[in-house]
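Subject: Structure handover

Hello,

Here is the structure for you to look through. My notes on what was found follow below.

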Amino acid sequence: LLRGGIFDTPHSATIKATVVLDQVLGTGFPEYRAREACQLVPSPQLVLSVDLATTFNAQKRVLPLQAANKQNQTYARTTWDLAATGKNVAGVLLSDEAQKQAVHAAMKLHTDNASRALKKAENEQIIVVIETATDVAAGDWGAMTTNADFSSRNPLDDLRSVIVTIMNNGVNPDGIIWHPQTMIDFMSNTFVHNTVIDQALQRSPAKLILPGLPPLDVITDAGKTNTIATVFSKSGGAYILADGPTEAAQYRDEDRGADAYVIRQWTEMKHVGTGFARDLTSVSA
C-alpha cells in the first residue's frame, strides 16, 4: 500500500497534544464517623479531668424502729495531658519549581490532604479505644442454616443481652457503632429483614429500635473491625474525647525557595465509663 504524503499518527507523535483532566483523582477520603460515639469536651489548655461516680442503692424493707445503713458514693477521676500524649501532625513542603511546573494547584491539593489525614488519624485512634470495651461473645449474624434459607443466629438476642447489661450498670445505652459489613449482615438476617427494625435502619439518621429497649443511634464506619459491634452510652460517658485545639500555618522557607504548610491537632479519647459499653464479638465473618 502506497501511503504517499499522508500525515498519520507516527508523524504526530512528537507534537501530540496532551489533555489533562482538571480534577485530580484519588484525593478523596471516606467519611469518618467514630467521633460521633464520644462526648466532646473542649480542652484548649491541653488538660482535662473527669470524675465518674459509683452510686449507691436504697436499703429495702426497713422495719419500724430500725435505722437504715448510711451509704455514700465513691468517685474515680480520669485525667488527660494532651501535651504528654502527643499531637497528630501533617506537614508539607513544596518547592517553587515543582509548583510552577505543576498543571494543578499543588499547594491546595496538599493542604486539603493534610486536614483529611488528621481526621483519618483521629478516627483510627478513637476506634482502638472503642474496642477496649468488655467483650461479650456472640456469633455470626450472616451465617445461614444448613439449607441456607434461614439465619442460624438471632442478633436481637445478642443486642438485648448487652443493652440490658448496660442498663443494669446505671445508664441507658444510646448508640451502636459497627462496620458496613456487620450492618449488612444484621439487616439481611432473617430475624431482622423486612421488619420495622430493618426499615428504621434505612432512614437517615439511622436508628436501631428494639421493642421495649432504648433506641440506639447507628454509626457505620469502615474503620471499625468488621467482627465487632459496640453498644455504648454516649450520654452516660462511656467515651470522652478531650478535644484540644487544631492549629494550621502556611509559611515561607526562603532559603530553600519553598512554601510550607503544617496542621496540628491535640486530641485523645478515653473509655471512662467502662460499665457503659460492650463489644459484641464474632458478629460477622
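S10 and S11 pair in the antiparallel sense over 13 bridges. Helices (H or I, at least four residues) and strands (E, at least two) are DSSP runs, numbered from the N terminus, and two strands pair if DSSP finds at least two bridges between them. This is a predicted model, in which local features need pLDDT of at least 70 and side-chain atom pairs count only at pLDDT 80 or more, while totals for chains, interfaces and linings use all residues. Residues are numbered from 1 along each chain as its sequence is written, and side-chain values use heavy atoms, with hydrogens and water left out.

The S10–S11 pair is a hairpin with 4 residues between the strands, and glycine 257 in its turn has a positive phi of about 70 degrees. Within the pair, alanine 248 has isoleucine 263 in S11 as its bridge partner. Of the 14 residues of S11, 11 are buried, so the strand is largely enclosed by the rest of the structure; buried means under 20% relative accessible area, exposed over 50%, and partly exposed in between (1.4 Å probe, protein chains only).

Both strands belong to an open sheet of 4 strands with mixed pairing, in the order S1-S10-S11-S4. Its edge strands are S1 (39–42) and S4 (88–95), each of which pairs on one side only. S4 and S11 (residues 258–271) run antiparallel and are joined by 8 bridges. Serine 95 stands opposite alanine 258 in S11, and valine 89 stands opposite arginine 264 in S11.

Helix H4 (residues 106–130) packs on this sheet, touching S4, S10 (239–253) and S11, and its direction makes about 15 degrees with that of S11. Contact means heavy atoms within 4.5 Å; axes are lines fitted to C-alpha atoms, for helices over the stretch in contact, and angles run from 0 to 180 degrees between N-to-C directions. Glutamate 122 is found in H4 and is buried, with a relative accessible area of 6%. Not counting residues up to four places away in sequence, glutamate 122 touches Arg35, Asn88, Leu241, Gln265 and Thr267.

The six-strand sheet

A further open sheet has 6 strands in the order S5-S12-S9-S6-S8-S7, again with mixed pairing. S5 (134–137) and S7 (207–208) stand at the edges with a single partner strand each, so one side of each has no neighbour in the sheet. S6 (residues 175–178) and S9 (residues 228–232) run antiparallel and are joined by 3 bridges; isoleucine 176 has valine 231 in S9 as its bridge partner.

H5 lies across S5, S6, S7, S8 (216–220), S9 and S12 (277–281), running at about 160 degrees to S12. Asparagine 154 caps the N-terminal end of H5, with a side-chain oxygen 2.9 Å from the backbone nitrogen of leucine 156. Just after H5, glycine 170 takes a positive phi of about 115 degrees.

Which residues of H5 are buried? They are Pro155, Asp158, Leu159, Val162, Ile163 and Ile166. These residues cover an arc of only 120 degrees around the axis, which puts them on the same side of H5 (the arc is that of the directions from the helix axis to the C-beta atoms).

In H6 (residues 180–188), Thr182, Met183, Asp185, Phe186 and Met187 are buried. What covers the buried residues of H6 includes H5, S6, H7 (196–201), S7, S8 and S9.

Regards

Methods: A polar contact is a pair of N or O atoms within 3.5 Å; within protein, one must be able to donate a hydrogen and the other to accept it, and residues adjacent in sequence count only if both atoms are side-chain atoms.
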